[in-house]
Amino acid sequence: MAKTILLFSEGLDSILAGLLLKKQGIEICAVKFITPFFGWELKENPEKFFKKIKDLGFEEGKLYDITQEFLEVLKTPKFGYGSFANPCIDCRILMLKKAKELMGEVGAEIITTGEVAGQRPKTQHRNTLDLIEKETKLKGFLLRPLSAKLLSPTEPEKKGIVKREELLAIKGRKRTPQIELAKNFGLKEIPSSSGGCLLADPQIGSRVLKVLKEKRPLNLETAQLLTLGRHFFEDGLWIVLGRNQRENELIKNISSNRFPLYSLDTPSPTAVVLEGNPPLSWIKKLLVKYSKKAKIKLEKGEDVNLIELSNKNEKD
Ligand code: SF4
């Protein structure tokens, strides 16, 4: 039985691409690449991902953390950014190169994606699809079942391993054909076309662009922190405050012993200093601004004190 690696974003298009090939008897190994900007929740809870693979009837699922390589791409994308900080063309190339590396290990002879010709102006324009094939040196082995009939036949199609006549010729931005197809496959839930990427989110994407432009440190920890909290930037200074209990806990976990952490001795956000050495009075003032309880205490003439949180004490 022929086997393919499916680039699986969990979005509708990649689901349908997989189902179309599964219907032809092709074995599916669904691969999802994750970074703090997409799919990161699966790092702690991969069960949801594997349940989805099982429910769809795909033979295999694999999750790979590509943060380190992705951050390099994010800092200097050869083909630029999309609407915000999303370096989509470079990102696709990176993922396909990683998938290509996995072909031997997994025993797959095809790489499949849910790309639809002309759906996204930048990444799925016909010329871009060709460019991606060229950059990844995957020409002939990169199958896009949803638009295959509009593209040159791939090697598996030429050899009859994949029946070209059963593939589709979807193009453009309309979602109707995909929604119809999802209904035909009996999908109970119809997810969005893509898997959701925080770099394309206006608020988070703009924040990431600012960090890149100002050449602030971008690493595993700061990348995770960029996806949450309130951020305050000044010359040589970068501080993040949690907006709720969940974010406060995340800030503590992510920052573990790497960055100074502060809070008040009254319910307040947790603050982490990622850059610079701000005066403690400044940090206290900022925390008071976002703590109702601290403001009330001060109005009553009571004391509010800044405390430095050490992760050691948190665990004790
Ligand atoms: S939207 Fe995000 S995950 Fe998707 S291709 Fe662009 S950068 Fe990559």
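**Exercise 1. Locate K137 and decide whether K137 is buried or exposed.**

Step 1: K137 sits in the loop that links α6 to β5 (142-143). Here helices (H or I, at least four residues) and strands (E, at least two) are DSSP runs, numbered from the N terminus.

Step 2: Keep in mind that this is a predicted model, in which local features need pLDDT of at least 70, side-chain atom pairs count only at pLDDT 80 or more, and totals for chains, interfaces and linings use all residues. Residues are numbered from 1 along each chain as its sequence is written.

Step 3: Count neighbours. A residue is buried if 20 or more other C-beta atoms lie within 10 Å of its own, exposed if 12 or fewer, and partly exposed in between, with C-beta atoms placed from the backbone. K137 has 12 C-beta neighbours inside 10 Å, so K137 counts as exposed.

Step 4: Look at the backbone. K137 is not a glycine, yet has a positive phi of about 55°. Most residues other than glycine have a negative phi.

**Exercise 2. Work out which residues of helix α9 are buried and which are exposed.**

Step 1: Start with the helix itself. α9 covers residues 202-213, 12 residues in total, and reaches 16 Å from its first C-alpha to its last. That is close to the 16 Å expected at 1.5 Å a residue, where the expected span is 1.5 Å times one less than the number of residues.

Step 2: Find the buried positions, which are G205, V208 and V211 in α9. They share one side of α9 because they cover an arc of only 120° around the axis, the arc being that of the directions from the helix axis to the C-beta atoms. An α-helix has 3.6 residues a turn, so residues three or four places apart point the same way.

Step 3: Turn to the other side of α9, where P202, Q203, S206 and K213 are exposed.

Step 4: Continue past the helix end. With 8 C-beta neighbours inside 10 Å, K215 counts as exposed.

**Exercise 3. List the residues around the ligand and place C88 in the fold.**

Step 1: The residues around the ligand are F38, N86, P87, C88, C91, R92, C197, L199 and A200. A residue is near a molecule if its C-beta atom, placed from the backbone, lies within 6 Å of it.

Step 2: Sort the shell by type: 7 are nonpolar, 1 is polar and 1 is charged. Ala, Val, Leu, Ile, Met, Phe, Trp, Tyr, Cys and Pro count as nonpolar, Asp, Glu, Lys and Arg as charged, and the others, Gly among them, as polar.

Step 3: C88 belongs to helix α5 (residues 88-106). C88 counts as buried because C88 has 22 C-beta neighbours inside 10 Å.

Step 4: Compare chain and space. C88 and L199 are 111 residues apart along the chain, while their C-alpha atoms are separated by 9.6 Å.

**Exercise 4. Find where Q119 lies and how many C-beta neighbours Q119 has inside 10 Å.**

Step 1: Q119 is in the loop between β4 (110-112) and α6 (126-136).

Step 2: With 22 C-beta neighbours inside 10 Å, Q119 counts as buried.

Step 3: R173 is 54 residues from Q119 along the chain, and their C-alpha atoms are separated by 4.4 Å.
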